[in-house]
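Me: I would like to learn how to read a few features of a structure. Please take them one at a time.

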Amino acid sequence: MDKKVAKTNPGNLGTNNPLQDSQHSVIAGPSESAASVTRRAALRSTLAGVFGGSLAGLLLEFAPGEAQAGPIDPNQTFVVQANDVQFKPWQGLPAGSGEVAMMYGDLNKPGPYLVLMKWNPSWFSAPHSYRTDRVCVVVSGTWWVNSGEDFTPVQAVPVQAGGFVLRHARTWHYDGVPAEGKEPVIVAIFGIGPVDIQLADPKQPTWRRV
């Protein structure tokens with residue numbers, strides 16, 4: 001006597017059109033956007049593939065709703081978008097050489113500071129040093145850096161966007177963008193003020209055209 005083996009319906013395992021084998025459909029509510037419905041459908045499809053169609057619908061009912069972006073309290077999280085950063089000419093620098101944006105603290109006062117420095121092509125700083133370490137990250141463009149009190153920008157090392165540079169306190173260094181540079185460079189610089197800058201040769205200009 002032959003025994004009949006019942007065939008398993010693949011749909012019950014969530015492997016055959018899982019969105020149609022459950023009573024829980026993904027339908028937009030009165031305040032739900034099309035994008036939200038699409039995301040919920042994608043989530044439902046994923047759950048169905050793992051747990052099966054019926055269980056997926058149940059799990060979806062308990063899934064967290066769409067997160068709504070609320071206003072940020074600037075006293076807790078202060079945000080400045082890239083397009084809103086205000087660069088200003090650095091006092092005493094030649095016109096068109098570079099600019100600075102003070103993001104946090106003060107270079108000339110005790111405490112931590114963060115600035116964004118912009119160098120334009122054809123300009124380098126003269127060899128100088130600071131009282132404390134300077135932690136630098138290249139934000140955009142390519143920054144050319146070198147050490148020593150002899151000004152030889154042709155020997156400077158290029159540091160591309162995302163690169164890290166540490167300037168040790170009271171060591172001579174200089175940096176900038178050569179004339180063949182295609183774009184300005186922006187560098188985020190962190191340190192502890194006051195910086196107390198000193199020039200290797202005070203008789204020479206602070207910034208130099210190359």
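Reply: Start with exposure. Buried means under 20% relative accessible area, exposed means over 50%, and partly exposed lies in between (1.4 Å probe, protein chains only). Arginine 170 has a relative accessible area of 34%, so this residue is partly exposed. The model is predicted: local features need pLDDT of at least 70, side-chain atom pairs count only at pLDDT 80 or more, and totals for chains, interfaces and linings use all residues. Residues are numbered from 1 along each chain as its sequence is written, and side-chain values use heavy atoms, with hydrogens and water left out.

Me: How do I read the strands, and in what order do they form the open sheet?

Reply: Strands (E, at least two residues) are DSSP runs, numbered from the N terminus. Two strands pair if DSSP finds at least two bridges between them. Here six strands form an open sheet, in the order β1-β2-β3-β11-β6-β9, with antiparallel pairing. β1 (88-89) and β9 stand at the edges with a single partner strand each, so one side of each has no neighbour in the sheet. β2 and β3 run antiparallel and are joined by six bridges. Methionine 102 has valine 115 of β3 as its bridge partner.

Me: Which residues touch the most other members of the largest nonpolar core?

Reply: A nonpolar core is a set of buried Ala, Val, Leu, Ile, Met, Phe, Trp, Tyr and Cys residues joined through side-chain atoms within 4.5 Å. The largest one has 21 residues, and Val115, Met117, Trp119, Trp143, Val185, Val187 and Ile189 touch the most other members. β3 (111-119), β6 (134-140), β7 (142-147) and β11 (185-193) each supply at least two residues of this core. β3 gives the most, with four residues. A second, separate core has five residues, including Val85, Ala101, Leu116 and Ile186.

Me: What does alanine 156 touch?

Reply: Contact means heavy atoms within 4.5 Å. Leaving out residues up to four places away in sequence, alanine 156 touches Phe124, Trp144, Val145 and Asn146. Alanine 156 is found in the loop between β7 and β8 (157-160). Its relative accessibility is 8%, so alanine 156 counts as buried. Alanine 156 and valine 145 are eleven residues apart in sequence and 5.0 Å apart in space, C-alpha to C-alpha.

Me: Now charges. How many salt bridges does a search of the whole structure find?

Reply: Side chains of opposite charge can pair when their charged atoms come close. A salt bridge is a side-chain nitrogen of Lys or Arg within 4 Å of a carboxyl oxygen of Asp or Glu. The search finds three. In one of them, lysine 118 meets glutamate 99 (3.6 Å, N to O). Lysine 118 lies in strand β3 and glutamate 99 in strand β2, so the pair ties together parts 19 residues apart in sequence. Lysine 118 counts as buried at 19% relative accessibility, and glutamate 99 is partly exposed at 24%.

Me: Are arginine 167 and aspartate 175 buried or exposed?

Reply: Both are buried. Arginine 167 forms a salt bridge with aspartate 175, with the closest N and O atoms 2.7 Å apart. Aspartate 196 and arginine 170 also form a salt bridge, with their closest N and O atoms 2.7 Å apart. Aspartate 196 lies in the loop between β11 and β12 (198-199), and arginine 170 in the loop between β9 and β10 (173-177), so this pair ties together parts 26 residues apart in sequence. Aspartate 196 is partly exposed, with a relative accessible area of 39%.
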